[in-house]
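Open the model in your viewer and keep the sequence panel beside it. This tour tells you what to select at each stop and what is there.

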Amino acid sequence: VQAAEFWKLGLGSPYPVSGIHGTGVAELLDAMYDDLYEVTEEDLEEQSKRLASDFVNIAIVGRPNVGKSSLFNRLFGEARAIVSDVAGTTRDTLDAELEKDGR
């Protein structure tokens with residue numbers, strides 16, 4: 001129900017996920033992998049010249065205490081963000097690069 005509010009932003013299809021329960025994470029990762037492609041040796045040289053702005057940027061947004069930090073930790077497979085039942089625990093912006101399966 002709350003995911004419908006993100007439709008109003010006009011940024012495309014929202015992917016509602018739960019970092020704690022893991023629901024929706026597989027669908028989000030599948031959608032991300034659909035946009036990836038096989039890299040050849042020739043592509044490696046060309047890609048190494050690309051700017052960092054060519055990377056896919058992802059923002060995890062949501063209401064307070066809905067599992068954003070838990071999702072972030074789950075994607076990285078380690079506790080990089082503080083997780084607590086207290087709303088507003090994570091105040092700082094978290095910025096990180098994720099490499100999955102060599103991509």
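Buried means under 20% relative accessible area, exposed means over 50%, and partly exposed lies in between. Keep those cut-offs at hand, because several stops on this tour use them.

**Stop 1: the whole chain**

This is a predicted model. Colour the protein chain by pLDDT. The mean is 79, and 87% of the residues reach 70 or more. Confidence is lowest in helix H3, residues 41-48, with a mean of 75. Confidence is highest in helix H4, residues 68-76, at 87.

Switch to a cartoon view. The chain has four helices and zero strands. Read from the N terminus, the order is α-α-α-α. Of the 103 residues, 15% are buried. Among contacts with a separation of 6 or more, 31% join residues 24 or more positions apart.

**Stop 2: helix H4**

Select residues 68-76, which form helix H4. Is this helix enclosed or open? Seven of the nine residues of H4 are buried, so the helix is largely enclosed by the rest of the structure. Select the buried ones: Ser69, Ser70, Leu71, Phe72, Asn73, Leu75 and Phe76. Now show helix H2, residues 25-34. The buried residues of H4 pack against H2.

Step just past the end of the helix. Gly77 sits there with a positive phi of about 70 degrees.

**Stop 3: two rings**

Show the side chains of Phe72 and Phe76. Both lie in H4, four residues apart, about one turn of the helix. The structure holds one aromatic pair. In that pair, the ring centres of Phe72 and Phe76 are 4.8 Å apart and the planes are at 40 degrees, so the pair is tilted. Planes under 30 degrees apart would count as stacked, and planes over 60 as edge-to-face.

Are these residues buried or exposed? Phe72 has 12% relative accessibility, so Phe72 counts as buried. Phe76 has 16%, so Phe76 is buried too.

**Stop 4**

Now centre on Leu71. Leaving aside neighbours within four places in sequence, Leu71 is in contact with Val17, Gly19, Val25 and Ile60.

**Stop 5**

Beyond its neighbours within four places in sequence, Ser70 is in contact with Gly19, Ile20 and Val83.

Go on to Asn73, another residue of H4. Asn73 has 11% relative accessibility, so Asn73 counts as buried. What does the side chain of Asn73 reach? Draw a distance to the backbone nitrogen of Ala81, and you will find 2.7 Å. Show the surroundings as well. Not counting residues up to four places away in sequence, Asn73 touches Glu78, Ala79, Arg80, Ala81 and Val83.

**Stop 5: the salt bridge**

Side chains of opposite charge can pair when their charged atoms come close. How many salt bridges does a search of the whole structure find? The search finds one. Select Arg63 and Glu5 to see their side chains meet in it, at 2.5 Å from N to O. This pair links distant parts of the chain, 58 residues apart. Arg63 is in the loop between H3 and H4, and Glu5 is in helix H1, residues 4-7.

Check how open the two partners are. Arg63 has 40% relative accessibility, so Arg63 counts as partly exposed. Glu5 is also partly exposed, because its relative accessible area is 40%.

**Stop 6: Ser13**

Finish at Ser13, in the loop between H1 and H2. Its relative accessible area is 48%, so Ser13 is partly exposed.

Key
Residues are numbered from 1 along each chain as its sequence is written. This is a predicted model: local features need pLDDT of at least 70, side-chain atom pairs count only at pLDDT 80 or more; totals for chains, interfaces and linings use all residues. Side-chain values use heavy atoms; hydrogens and water are left out. pLDDT is the predictor's confidence in each residue, from 0 to 100. Rings of Phe, Tyr and Trp (its six-membered ring) pair if their centres lie within 6.5 Å; planes under 30 degrees apart count as stacked, over 60 as edge-to-face and the rest as tilted. Buried means under 20% relative accessible area, exposed over 50%, partly exposed in between (1.4 Å probe, protein chains only). A salt bridge is a side-chain nitrogen of Lys or Arg within 4 Å of a carboxyl oxygen of Asp or Glu. A polar contact is a pair of N or O atoms within 3.5 Å; within protein, one must be able to donate a hydrogen and the other to accept it, and residues adjacent in sequence count only if both atoms are side-chain atoms. Contact means heavy atoms within 4.5 Å.
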